[in-house]
Amino acid sequence: MDSKKLKSFISNNAIVIFLVILTLYVGFTKAGFFASKNLMNIAANVAPRFIIALGVSGCLITRGTDLSAGRMVGLGGVVAATMLQRADYSDRFALTAGLPQLPLIVVFVIILAMTAVFGFANGCVATYLNVPPFLGTLGMQTIVYGINLVYSGATPIGGLREDYTAVSSGSIFGIRYLFFIALAMGLIWYFMYNHTRYGKYMYAIGGNPAAAEVSGINVTKMLLRIYTNAGIMYGFAGFLLAAKAGGASVNLGLGYELEAIAAATIGGVSTTGGIGTVPGVLLGVLVFELLKTCMQFLGIDTSYQYIVQGLVIIIAVALDIRKYSVKK
Amino acid sequence: MSEEYILQMKDICKSFPGVKALDHVQLNVKPGTVHALMGENGAGKSTLMKCLFGIYQRDEGTVIFNGEEVHIQNPHDALMRGIAMVQQEQAPIMDRSIAENIFCGRYPTKKAGPLTVIDHKKMYDDTDKLLKEVNLPFDAKAKLSTLSVSQMQSVEIARAVSVNAKLVIMDEPTSSLTENEVADLFVIINKLKANGVSIIYISHKMEEILKISDEVTIMRDGTYVGTYEAKDLTTDIIIQKMVGREMTNRFPKRENVPGDVVLKVEDFTSINPKSFKNVSFELRKGEILGVGGLVGAQRTELMESIFGIRHVVSGKVTYKGEELHIERPRDAIQKSIALLTEDRRATGIFGVLSISDNVGVASLDHYIKNGLVIDDKALEKVVDDNIEKMSIKTPSHKTQIQSLSGGNQQKVIIARWLANNPDVLILDEPTRGIDVGAKYEIYTIIADLAKQGKSIIMISSEMPELIGMSDRIMVMCEGKVSGFVEGKDATQEKIMALAAQYM
């Protein structure tokens, strides 16, 4: 590889390279990093984040964004938690205390339907009302948070059913269910993006919205589906996160969209549109989780971690844009 | 350095990927004169001016302005040196006042204590004076959006005047002006001349050119034809010099035989009152209908309206006897109509996607198995067939289309539409920005399609192409159909005359 190609490779993948070096350093100098318990932890953290990033990826690929992701995750988690508390829990949530114990799958579907509706609303605002997704989803972010506050009154919800928390803590052949769930979603989305018209039309709209219209693609319908699917994924992740944490509060998911967007960008989803893959998104999410874990193992205070994460986000997007800016 | 010329451009060359836009072009402008720059669409006039004004950088050649050799880097540099440009497509700041638009980037300032603030009073006063000088009855404080398009154009001209330039380039300055406004413009131009300012005037309007210019430089196909005194020219001589080229075997033999009428367009009128009106024409099976006219004739707008990209306020499209209701491109595509758009970068190619994706995007519905999965194998075969049939030069199917040459990109888009097996193909400037070799290949494809019985509408601004490829030619002017010419009787002079008929 000649020097120009090498330079270009390094600059295009700078953050991944940095993380590989950092991970190796931490792994070989800190005890327990490469232990299976830690690796399983990392995988368990990656799973729900990956699902959120999958949802956002469609919005990013079509030159939009979704800043309401985090709050939707929170609402999904909270509502799920209120419906899946132990019958004998002393501090049951008032509104749902009278409900019968519903099967997990029923609650799961209800959550997905709920966040799907919000996602659809985001899509309508972006298409029929022509509000730029950045602003539209920003507004939705606050609305969803408000709804969560109204619903839960900012009370933390605990005392979850064992079959619910088992979704996260359970494992088969030593590998946690979460891993398989994320794997399944990854495979489904990979199929969607690469082997269906949905995927092809999505990339086309992102690549050139005007040409997509001329080519006969129903751009409005596609965007509605993309934002609705995103909403579904956020509810899914919220459902998993509440199970994982054993409870949920109105703060669940706060700020998760920034990390999801940064992870997607690190993984190759471009702000210019039309570019991005499922494996890339997974890589980006992994990079972010490794970054957090490395900082923990290095004993860096959580407060400083925010600064580092923010820097990584800015650098990731800057490097991405640099790839596509052409000198006239 | 002689004082004889305010501007000398010598041996200017400029190439874009696959196209030599300027080939040793000369331009010499005397001080205090109006120098017209003429040529067909694509002759290189705008490119030459953009090189002068710093929007493009020339590849070769010398520019001497006001006695010294210059290398203008950008428009700001040009303005600072005393060259102003009034472009065809301006980008005014609608919500700000006329004064702010005129003084954009060079607001008069004054000191308020330690701070430097904008001197609004001076700005408005100067604007009022300027507007009076150029005879524009507007209020300096009025928002630009309150003006009509032609009034905005006048403001642009006023701005060029206010910059105190020694050279003003005007690119199609009268394209949206009424007769009275044109007369006012000429008064301004003459005033500028009296002050020693030179004007480079680009226009297609022959009558105007002959009225206002002192000298005329004619370009053709990126080359310099010559410079003449306006008083020695007539419309006929200009046309002949602009188009005069021999018709060698640039076009394939055509074996198509036009049959019955398949498409009827009746009384098509755009929703935009400044666009096309009452357009009617017929298209026969296996026919190539050329559509000629000058920039601004509204040909593209007409075809985009038929295809559902733009809206009409009245009009009927009948296809094989059935009246069509086309609201959006999807509807047209379903009825077997295809449109190859004029600007492939803007509305044609998906730059970052592969050749395969670019070919398949409009016909995926035909390549589905089990109701959901795209049949990649079948699609790849279609791409392969097209790459071979049309000699598309590409390293692989997965190559990003934006790394292909213009000609090959165009072939990919044609392949996209052919994958749907349309009956009617509308091609808008199918060989624009494509080198001679690739042009011939595309002509061959078009001729073959017509022979197969497909009906083709081809908008073209290149005379030889229009005449060499069409069975019949419809000429438009200022949004109206000015006439039809049979292919075998067509001459460049006839078409040009029709193209300029209502100007």
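## A sheet in chain B

In this predicted model, strand 23 (residues 472-477) of chain B is joined by six bridges to strand 24 of chain B, and the two run antiparallel. Within this pairing, B:Arg472 stands opposite B:Glu486, a residue of strand 24 of chain B.

Both strands belong to an open sheet of six strands in chain B, which has the order 18-21-22-15-23-24 and mixed pairing. Strand 18 (337-340) and strand 24 (480-486) of chain B stand at the edges of this sheet, and because each has a single partner strand, one side of each is left without a neighbour in the sheet. From one strand to the next, the twist averages 20°.

## The helix across that sheet

Helix 17 of chain B lies across strand 15 (288-293), strand 23 and strand 24 of chain B, and it runs at about 35° to strand 23 of chain B. Which residues of helix 17 (residues 492-499) of chain B are buried? They are B:Gln492, B:Ile495, B:Met496, B:Leu498 and B:Ala499. These residues cover an arc of only 165° around the axis, which places them on the same side of helix 17 of chain B. As a general point, an α-helix has 3.6 residues a turn, so residues three or four places apart point the same way.

## A further six-stranded sheet in chain B

Chain B also contains an open sheet of six strands with the order 6-9-10-3-11-12, again with mixed pairing. Here the edges are taken by strand 6 (83-86) and strand 12 (223-229) of chain B, each of which has a single partner strand, so that one side of each is left without a neighbour in the sheet. The twist in this sheet averages 20° from one strand to the next.

Strand 11 (residues 215-220) of chain B pairs with strand 12 of chain B in the antiparallel sense, over six bridges. In strand 12 of chain B, B:Glu229 is the residue that stands opposite B:Glu215.

## Chain A as a whole

Chain A has 14 helices and two strands. Its radius of gyration is 20 Å, close to the 20 Å that the globule rule gives for 328 residues, so chain A is as compact as a globular protein of that length. Taken along the principal axes, the C-alpha atoms of chain A fill a box of roughly 70 × 55 × 35 Å.

Of the 328 residues in chain A, 45% are buried. Among contacts in chain A between residues at least 6 apart in sequence, 79% join residues that are at least 24 apart.

## Where the two chains meet

Between the two chains, 17 residues of chain A are in contact with 21 residues of chain B. On the side of chain A that touches chain B, helix 9 (197-207) and helix 10 (209-214) of chain A each supply at least two residues, and helix 9 of chain A gives the most, with five residues. By class, this side of chain A has six nonpolar, eight polar and three charged residues.

One residue of chain B with partners in both chains is B:Ile349, which has its place in the loop between helix 11 (344-347) and helix 12 (355-360) of chain B. Why does B:Ile349 count as buried? It has 25 other C-beta atoms within 10 Å, and the cut-off for a buried residue is 20 or more. Leaving aside neighbours within four places in sequence, the contacts of B:Ile349 include A:Asn208 and A:Ala211 from chain A, together with B:Arg344, B:Asn358, B:Ile401 and B:Ile413 from chain B. B:Ile349 and B:Ile413 are 64 residues apart in sequence, yet they lie 7.1 Å apart in space, C-alpha to C-alpha.

Notes:
Residues numbered from 1 in each chain as written. Chains lettered and ligands numbered in written order. Predicted model: local features only at pLDDT ≥ 70, side-chain atom pairs only at ≥ 80, totals over all residues. Contact = placed C-beta atoms within 7 Å. Helix = DSSP H or I, 4+ residues; strand = E, 2+ residues; numbered from the N terminus. Nonpolar A, V, L, I, M, F, W, Y, C, P; charged D, E, K, R; others polar. Pairing = 2+ DSSP bridges. Axes fitted to C-alpha atoms, helices over the stretch in contact; angles between N-to-C directions. Rg over C-alpha atoms; globule rule 2.2 N^0.38 Å. Buried ≥ 20, exposed ≤ 12 C-beta atoms within 10 Å, placed from the backbone. Arc of directions from axis to C-beta.
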